[in-house]
Amino acid sequence: MERSTRAVCGVWWGRMTRPAFRLLLLLVLSTPALAQERPLPRSEKWSFGAVVAPVTMPEGMTSLYGYVGVPEMGAGFRQGLEGLELEAKAKLDYFRLAGIFEVGARREVLTGEKAALAPTLSLGLVLNSGTDYLDEENFGGVLLRLSPGLVSGWRAGETVVLLGLVDMPVDIGLSPTGAWRIQTLVGGGPEIYLGQGVTLLLSGQIGLEHFREDRHDWNTRLAYQIRLGIGSRMF
């Protein structure tokens with residue numbers, strides 16, 4: 001009697017646990033697929049970029065970058081905060097032998113699956129030697145720089161972001177000579193992920209430059225900027 005009771009209980013337990021085991025096995029096997037289908041958070045969608053991309057660095061992320069170009073070369077540091085990015089950069093305009101030091105911020109205002117947009121604003125100082133060896137119309141002095149701009153990014157692939165760049169640096173002479181320089185530069189280019197947190201930037205901009213020295217008449221000429229940069233995520 002005891003053996004038949006045990007046999008009946010074993011059959012009943014096997015019938016009850018078999019569907020539960022099958023359900024557990026199904027959940028385990030489907031977990032990776034569900035994880036792949038789950039929408040990625042913003043920090044993972046824009047998981048690369050160090051020089052200019054992404055339009056704002058994700059919160060807690062840091063990058064260092066450097067670039068060479070015409071007429072400038074430089075290096076910078078980017079730090080992502082909550083809803084904001086801070087940036088510090090030092091540049092050398094070797095056409096004018098001018099050192100440029102800036103600190104600024106970006107704030108993202110539009111975000112999509114593949115596109116994003118952020119206005120920028122920086123404040124800095126220009127120390128111009130006044131040499132006219134490569135720039136006959138250069139003038140020296142210490143100038144305050146206020147530089148608003150705009151950065152847009154469109155993710156063209158798994159490893160490429162296409163950037164749109166607008167920069168409008170305004171240099172105001174701190175001496176009583178009344179010197180001014182205003183540029184409007186528009187352009188862009190790709191930033192490409194190379195691996196291990198490293199990205200490569202190739203960009204070009206073109207526009208106009210208006211300047212005045214010693215309260216003379218305003219002059220206007222072509223302005224341009226070409227950059228080849230490389231950057232790395234630190235955290």
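A: Of the 235 residues of the protein chain, 36% count as buried, where buried means under 20% relative accessible area with a 1.4 Å probe and protein chains only. This is a predicted model, in which local features need pLDDT of at least 70 and side-chain atom pairs count only at pLDDT 80 or more, while totals for chains, interfaces and linings use all residues. Residues are numbered from 1 along each chain as its sequence is written, and side-chain values use heavy atoms, with hydrogens and water left out.

The largest nonpolar core has 14 residues, a nonpolar core being a set of buried Ala, Val, Leu, Ile, Met, Phe, Trp, Tyr and Cys residues joined through side-chain atoms within 4.5 Å. Those with the most contacts inside this core are Val51, Val52, Val55, Val151, Val161, Leu163 and Leu201, a contact meaning heavy atoms within 4.5 Å. Strands S1 (62-70), S6 (115-128) and S8 (160-167) each supply at least two residues of the core, and S8 gives the most, with three residues; strands here are DSSP runs of E, at least two residues long, and helices are runs of H or I, at least four, both numbered from the N terminus.

Val51, leaving aside residues up to four places away in sequence, touches Tyr65, Arg78, Arg106, Glu191, Thr199, Leu201, Gly229, Ile230 and Gly231.

Methods. Buried means under 20% relative accessible area, exposed over 50%, partly exposed in between (1.4 Å probe, protein chains only).
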